[in-house]
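Here's a quick tour of one protein model, made for a first look. Keep the structure open and follow along.

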Amino acid sequence: MVAMKNKLWGRRRIYLLLIVLLLFSLILLVLDYLGRIDLVFKAGPTIIATEVQSFGFEDNSSATPLPQISSTPSPSATPTGTATAVAILPPEPTRIQFQAQDGRQLSGTYFPGSENPSPVIVLMHWARGDQSEWEPIASWLQGRGMLVRQPDYNDSWKSSDWYPERSLDIPLGVFTFDFRNCQQDGCQAYKPAEWLLDAQAALQAAAQLQGVDPDRILTAGASIGGDAALDACTWFNQSGLGTCLGSFALSPGSFLTESFPAQASVLYSQVPDAPVYCLYGLRDDASVETCEGNPDVQKVNYGYVERHGMELLQPNLDPDPLILLEDFIRSAVGDLL
């Protein structure tokens with residue numbers, strides 16, 4: 001009888017041991033499964049952060065700390081020999097906040113190029129409006145299907161139904177911004193020195209945008225924006241932040257404390273030189289004096305027209321000002337593609 005009880009107890013211990021082993025195996029399986037889930041959750045934010053960073057700014061800690069821009073930290077450096085995909089940003093324009101040297105907060109809009117990195121052209125508005133003056137032309141220059149061709153019965157330069165087909169074979173980003181104290185119905189005060197600071201800040205902000213090559217910056221502008229475009233271009237080349245390859249101006253007038261002809265000489269004296277285009281009408285005395293004040297400037301005289309700045313962007317002018325803008329971009333970027 002005792003032997004039978006011991007035999008039964010021995011079997012029960014074996015069964016209990018088997019049950020314990022089975023439970024232990026199940027626990028290990030559950031822990032392994034939970035561990036895999038934990039790893040997935042830990043990896044998730046890293047991927048998302050990388051995607052978000054691709055839409056921010058590149059780190060440029062060595063740049064002169066003049067304008068300040070809102071930025072997302074760049075990903076850590078990739079070890080040598082490790083291949084990584086270069087993100088091409090979506091074509092939709094993105095609002096950008098940045099800061100001038102004197103602390104003034106400014107607002108811009110970035111139209112990313114179709115390659116990373118791409119050259120970028122910074123467009124500067126006149127005193128009668130804000131950055132929205134350039135919006136349809138920015139989409140046209142970007143060339144990524146964002147342009148909606150439609151008439152504008154108030155402003156010819158916004159009437160995109162007459163724009164020529166984009167013939168540039170160059171990927172191009174575009175950056176526009178508002179000068180301080182300027183809104184859609186125009187600038188509220190004349191601030192030449194401060195506007196020059198704004199233009200300088202815009203070039204530094206544009207050079208730090210994700211997808212932009214800081215050594216392939218271009219500028220263009222109308223009226224005060226034409227002066228600011230050239231002045232900021234020469235400043236940028238002296239700042240060590242990158243390279244401005246040239247400037248395109250509609251009706252400049254040396255409005256921003258600097259002489260347009262003198263600033264053009266600075267660009268033509270660099271090696272290689274940088275082209276400067278100047279478009280004007282003969283009834284615009286300030287622009288006539290400004291554009292004709294430097295023999296090296298590529299001058300386009302539209303005759304005795306009553307047009308200034310953005311008003312020169314008309315469908316029936318010969319040569320077409322938008323085709324000239326494309327010619328300027330080709331000549332400036334040249335062999336740097």
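**A cavity and a helix pair**

W134, F248, L250, L313, P321, L322 and L325 line the largest cavity. This is a predicted model, where local features need pLDDT of at least 70 and side-chain atom pairs count only at pLDDT 80 or more, while totals for chains, interfaces and linings use all residues. Residues are numbered from 1 along each chain as its sequence is written, and side-chain values use heavy atoms, leaving out hydrogens and water.

**The cavity**

- On a 1 Å grid over the protein atoms alone, a cavity is a set of points where a 1.4 Å probe fits but cannot get out, and lining residues have an atom within 4 Å of a point.
- The largest cavity holds about 30 Å³ of space, counting the space filled by probe spheres set on the points.
- Helix 7 gives the largest share of that lining, three residues.
- Strand 9 (244-250) and helix 7 (321-333) are the elements that give two or more residues to the lining; helices (H or I, at least four residues) and strands (E, at least two) are DSSP runs, numbered from the N terminus.
- The lining residues split into seven nonpolar, no polar and no charged (Ala, Val, Leu, Ile, Met, Phe, Trp, Tyr, Cys and Pro count as nonpolar, Asp, Glu, Lys and Arg as charged, the others, Gly among them, as polar).

**The helix pair**

- Helix 4 (residues 224-239) and helix 5 (residues 260-269) pack at about 40 degrees, with axes 10 Å apart (axes are lines fitted to C-alpha atoms, for helices over the stretch in contact, and angles run from 0 to 180 degrees between N-to-C directions).
- Contact (heavy atoms within 4.5 Å) involves residues including L230 of helix 4 and F260 of helix 5.
- The residues of this contact of helix 4 with helix 5 come as six nonpolar, five polar and two charged.

Conventions
On a 1 Å grid over the protein atoms alone, a cavity is a set of points where a 1.4 Å probe fits but cannot get out, and a pocket is an open set with protein on both sides within 12 Å along at least five of seven lines; lining residues have an atom within 4 Å of a point.
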